[in-house]
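Hi,

Here is the structure I promised to send over. Have a look at it first, and my notes follow below.

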Amino acid sequence: MAQNRTSPMEISWEILKQYHIDEDVGFALPNPLEELPEKYNAWILIAKNLPELIKTGQLREEVEKLPMLSIDDLKEYEQQCLGHLALGCITMAYVWNRADDDVRKVLPSNIAVPYCELSEKLGLPPILVYADCVLANWKKKDPRGPMTYENMDILFSFPGGDCSKGFFLVSLLVETAAFSAVKVIPTVLQAVQRQDKETLQNTLLDMANCLRNARKVFEEIHGYVDPDLFYNVLRKYLSGWKGNPKLPNGLLYEGVWDDPKQFAGGSAGQSSIFQCLDALLGIEQTTGGGPAAEFIKEMRTYMPPAHKDFLYFLESCPSVREFVRSRDDADLKEAYDKCVQALVSLRSYHLGVVKTYVLDPAKKQSREEETGSEQLEQEHRGTGGTDFMNVLKAVRTKTTQSLLKDR
Ligand code: HEM
């Protein structure tokens, strides 16, 4: 297991690479491929044209015509990632099609079999996850140019115009901005190991600055993602089949399992970045039971295994929080609290975003359609199927309670 791969003393960039963490793009896949070996062209062609095929009513027919392909020729990790992303997009489009009540409960074997085989190889579930649609779904227009919205694009999108691009790319840019804080983890752990208060304090202050910058990047979502399109279109294609009344038993993966399986939909809750900072700072989101702890733990099962292992590794390291507490040094405590406060601020901002992009459009719709409170309550379930407002508030409360001020 990866948590035994290294001791904190040895931690350096060379070692973090074992956890599939890249020095420049962090948890994102560096330079995702855009093409697969020729025999898989039909997958890529369908995945690239989802909005058009859905609009013309051809999507399901085209998927059903696909030949059953073995995954044996997807030998490289990057090819497997692209295969998982393409089949994930096709699966979501096949199940939800026009995002109305005409839902498919069976995924045909020609797609289900290679998809489940690839999922097993990568240690991911057979549904579109954050690691697919955000971490592996991007390219630079000018390869030598910067990682900015203007110089980037996504590889695959769903109906809803530029909404997919805005949501996936802003998520990626928040992720890479926050990664500047993760980059210094080796320095933090070494400082704790060496009882080097000065270095720890300065590094924690740097981390807090990086997180404040990530929050600024988050604000860009309002310029690129329209709330009505997100709520009424994109969100529906990211929905899963766990706790979803439209697929109460889940999805039957024909030719793979005899019973339908339930999986949560794609959500940035599956990002490792916030969980990684919680783990480093000793913010115990996964302990004590309750829906929020269960949610955070469950989201780990949707992460690439190497990233999940990195979280366990961080949890096994000497505690930064305990070191700061034990020193009883006001400046050090303040530096630690600035990091925690920056995380609280990110989570508060996120709650505001959720209000704008889910709660407000849901209320608007229920007023227009005069739908009852039961349906509104159902709409309060995220793409991951959780009662998300309570969960998100509980996660933020746990973060706030971790401040050391006055302790
Ligand atoms: C339109 C924009 C967004 C909406 C509507 C949204 C909505 C949600 C919802 C409903 C959840 C609860 C889990 C679920 O049911 O899926 C969630 C969780 C989460 N989201 Fe977002 N989200 C958005 C953008 C982002 C972005 C850009 C990030 C950062 C990359 C992010 C990071 C997280 C995290 C880390 C969680 C887990 C809870 C936590 O650790 O605080 N979200 N989001």
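Which residue does UniProt list for "binding site"? The unreviewed entry gives His-350; UniProt positions are in the numbering used here, feature names are shortened, and annotations may be inferred rather than shown by experiment.

Before going on, some housekeeping. This is a predicted model, so local features need pLDDT of at least 70 and side-chain atom pairs count only at pLDDT 80 or more, while totals for chains, interfaces and linings use all residues. Residues are numbered from 1 along each chain as its sequence is written, and side-chain values use heavy atoms, with hydrogens and water left out.

On confidence: pLDDT is the predictor's confidence in each residue, from 0 to 100. The protein has a mean pLDDT of 93, and 93% of its residues reach 70 or more. Over residues 1-5, though, pLDDT stays under 50, and the model has 10 contacts (heavy atoms within 4.5 Å) beyond four places in sequence for that stretch. Where pLDDT is low, the predicted coordinates should not be read in detail.

Back to the iron. His-350 is the only protein donor of the iron atom of the ligand, through NE2 at 2.1 Å. Donors here are N, O and S atoms within 2.8 Å of the metal (3.2 Å for Na, K and Ca), and water is not among the atoms, so sites may look incomplete. His-350 sits in helix α17, residues 330-369; helices (H or I, at least four residues) are DSSP runs, numbered from the N terminus. His-350 counts as partly exposed because its relative accessibility is 26%; the scale is buried under 20% relative accessible area, exposed over 50%, and partly exposed in between, with a 1.4 Å probe and protein chains only. Leaving aside neighbours within four places in sequence, His-350 is in contact with Phe-218 and Leu-392.

Tyr-336 is in helix α17 too, but this residue is buried, at 0% relative accessibility. Not counting residues up to four places away in sequence, Tyr-336 touches Leu-204, Leu-281, Arg-321, Val-324, Ser-402 and Leu-404. Its C-alpha atom is separated by 52 Å from that of Asn-110, 226 residues apart along the chain.

Now the interior. A nonpolar core is a set of buried Ala, Val, Leu, Ile, Met, Phe, Trp, Tyr and Cys residues joined through side-chain atoms within 4.5 Å. The largest one has 148 residues, and Trp-43, Phe-158, Leu-200, Trp-241 and Phe-310 have the most contacts inside it. Helix α17 gives the most to this core, with 17 residues. Phe-158 has contacts beyond four places in sequence that include Leu-50, Cys-89, Met-92, Ala-93, Phe-168 and Tyr-237.

Helix α5 is mostly covered, with 18 of its 20 residues buried. Asn-97 follows α5 and has a positive phi, near 45 degrees.

Two other non-glycine residues with positive phi, in case you check backbone angles:

- His-20 has a phi of about 55 degrees. It lies in the loop between α1 (13-16) and α2 (41-48), and is partly exposed, with a relative accessible area of 38%.
- Asp-328 has a phi near 50 degrees. It lies in the loop between α16 (320-327) and α17, and counts as exposed at 62% relative accessibility.

Ser-70 lies in the loop between α4 (59-65) and α5 and is partly exposed, at 32% relative accessibility. Ser-70 is in contact with Lys-39 and Tyr-40, leaving aside neighbours within four places in sequence. Ala-191, in helix α9 (residues 185-193), is buried, with a relative accessible area of 2%. Beyond four places in sequence, Ala-191 is in contact with Asp-196, Thr-199 and Leu-200. Ala-191 and Gln-201 are 10 residues apart in sequence and 9.1 Å apart in space, C-alpha to C-alpha.

Cheers
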